[in-house]
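Please have a look at the display first, and then I will start.

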Amino acid sequence: MREKIKQRWIILIPVVLCLISIMFLNFFWMHAYRQAAFAHVSALCETFVEEHPEAEEQVLSAVKEYDSPAISEISGNDFLAQYGYRSSDFGSGPGWRPAVWTLFLFLLTAGSFLLVIWGIKRRERRRIAGLTGYLEQVNAGAGGTIIQESEDEFSRLEDEMYKTVTELSQTRELAVAARKNFADNLANIAHQMKTPITAASLSLQLMEKNIPEVCGAQVRQPLERLGRLEESLLTLSRIDAGTLPLNREKVDVYTALSLAAENLEDLLAENHVSVDIPEKGCVEFTGDLEWTMEALMNLIKNCMEHSSAGGTVHCDYAWNPLYVEITVRDEGEGFCPEDLPHLFERFYRGRRAAGNGIGIGLSLSRSIFELQNGNVTARNLPEGGACFEVRLYSH
């Protein structure tokens, strides 16, 4: 409250100074007018008495009896005009001093206005800079509090900003704790699965060794699927916990695509699907070759599952100063429009999902690309087919 009263007084200072200046100018000009009028009347009387000494008493008597009338009463009096006299014949007025004082007072008043406005703007800029610096500290993870030195028009904004930042910080801490708990649970589930899967695999090997005629393929396929699930859950838990090791080295896009296709060679041959990878020279980005290959394998495998026998999965890539772009597309039916917003969600299986997937592959690919300063999106092509677009940014 005290600060608001102080601010009002600061604003009122130029107004009060302006009123004082107007009153002073009014008094000054009146005084100058009276001085000039007195000097003119005195000079006139002196000249008349010098030329007519015998009329001195009459002149002084006339001056004593003369009561200065109001300006409105003598306005328009042109008695001397009939003798050829004009107002310009009676001197040049009070001189240059009143004009100088008027200019000085005007500059003083204008300067005070400008000074007050500059002070208010300077204080506002300082307050805005302080709030901006606080938000920059929060965004950088430094945190901190706002030290409120005085009460002003920014105080309410400051309070609301601090409340919002505090609530967001608490929400973030809860989200981080929940994510860490989820990562720990995923890792625990994956480790718990590993023991029975290993035991079942060893038992199956003994059975196939001792009883050759046993139908081990019917058991091996579910075990392999469980093994892939266990590996995926472990990878997800490491990503959520921020412990997934990633190298930062130059990765050639053509090499990464070729290795991904080679690792899927048996599966591609089984489905009679080929992969087309053009050679476009050296296009590189900074990342991890092994994990990039893993992410690309998931995209190629997804396109393969939606391709008919004899189809082709087309890969392409390009470079610009901002990012490296990789596209993987198929010649199938494309995605259902309802699936597009959810394709990269964990454990989500689209309406046209094929194979025995568990809905983790695309989510893993997105997480791997995001860890390498990139992203992946999916869309349907106008001519038909699904398309994945990966962008790996330079900065």
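Let me begin with S365, which lies in helix α10, residues 361-371; helices here are DSSP runs of H or I with at least four residues, strands are runs of E with at least two, and both are numbered from the N terminus. This is a predicted model, in which local features need pLDDT of at least 70 and side-chain atom pairs count only at pLDDT 80 or more, while totals for chains, interfaces and linings use all residues. Residues are numbered from 1 along each chain as its sequence is written, and side-chain values use heavy atoms, with hydrogens and water left out.

Is S365 buried or exposed? S365 counts as buried because its relative accessibility is 0%, where buried means under 20% relative accessible area, exposed means over 50%, and partly exposed lies in between, with a 1.4 Å probe and protein chains only. What does its side chain reach? The side chain of S365 comes to 2.9 Å from the backbone oxygen of A295, and a polar contact, for reference, is a pair of N or O atoms within 3.5 Å, where within protein one must be able to donate a hydrogen and the other to accept it, and residues adjacent in sequence count only if both atoms are side-chain atoms. Once neighbours within four places in sequence are set aside, S365 is in contact with A295, N298 and L299, contact meaning heavy atoms within 4.5 Å. S365 is also one of the buried residues of α10, which are L362, S363, L364, S365, S367, I368 and F369.

That takes us to the packing of helices. In general, two packed helices are described by the angle between their axes and the distance between the axes. The axes of α9 and α10 cross at roughly 145° and come within 9 Å; axes are lines fitted to C-alpha atoms, for helices over the stretch in contact, and the angles run from 0 to 180 degrees between N-to-C directions. The crossing of α9 past α10 is left-handed, a term used if the near helix is turned anticlockwise from the far one by less than a right angle, with right-handed used if clockwise. From α9, the residues W291, T292, A295, L296, N298, L299 and N302 meet G361, L362, L364, S365, I368 and F369 of α10. Sorted by class, this contact has 8 nonpolar, 5 polar and no charged residues, where Ala, Val, Leu, Ile, Met, Phe, Trp, Tyr, Cys and Pro count as nonpolar, Asp, Glu, Lys and Arg as charged, and the others, Gly among them, as polar.

Helix α9, residues 289-305, also packs with helix α7, residues 253-263, at an angle of about 60° and with the axes 8 Å apart. α7 is therefore oblique to α9, given that angles under 35 degrees count as roughly parallel, over 145 as roughly antiparallel, 65 to 115 as roughly perpendicular and the rest as oblique. Here α7 passes α9 in a right-handed crossing. The contact involves A256, L257, L259, A260, A261 and N263 on the α7 side, and L289, T292, M293, L296, M297 and I300 on the α9 side, and these residues divide into 10 nonpolar, 2 polar and no charged. Within α7, V253, A256, L257, S258, A260 and A261 are buried, and at the start of α7 a side-chain oxygen of D252 reaches to within 3.3 Å of the backbone nitrogen of Y254.

Now to the backbone. Most residues other than glycine have a negative phi. H272 is not a glycine either, and has a positive phi of about 55°. H272 sits in the loop between α8, 265-270, and β2, 274-276, and counts as exposed at 54% relative accessibility.

Let me finish with the whole chain, which has 10 helices and 7 strands. Of its 395 residues, 29% are buried, and among contacts between residues at least 6 apart in sequence, 69% join residues at least 24 apart.
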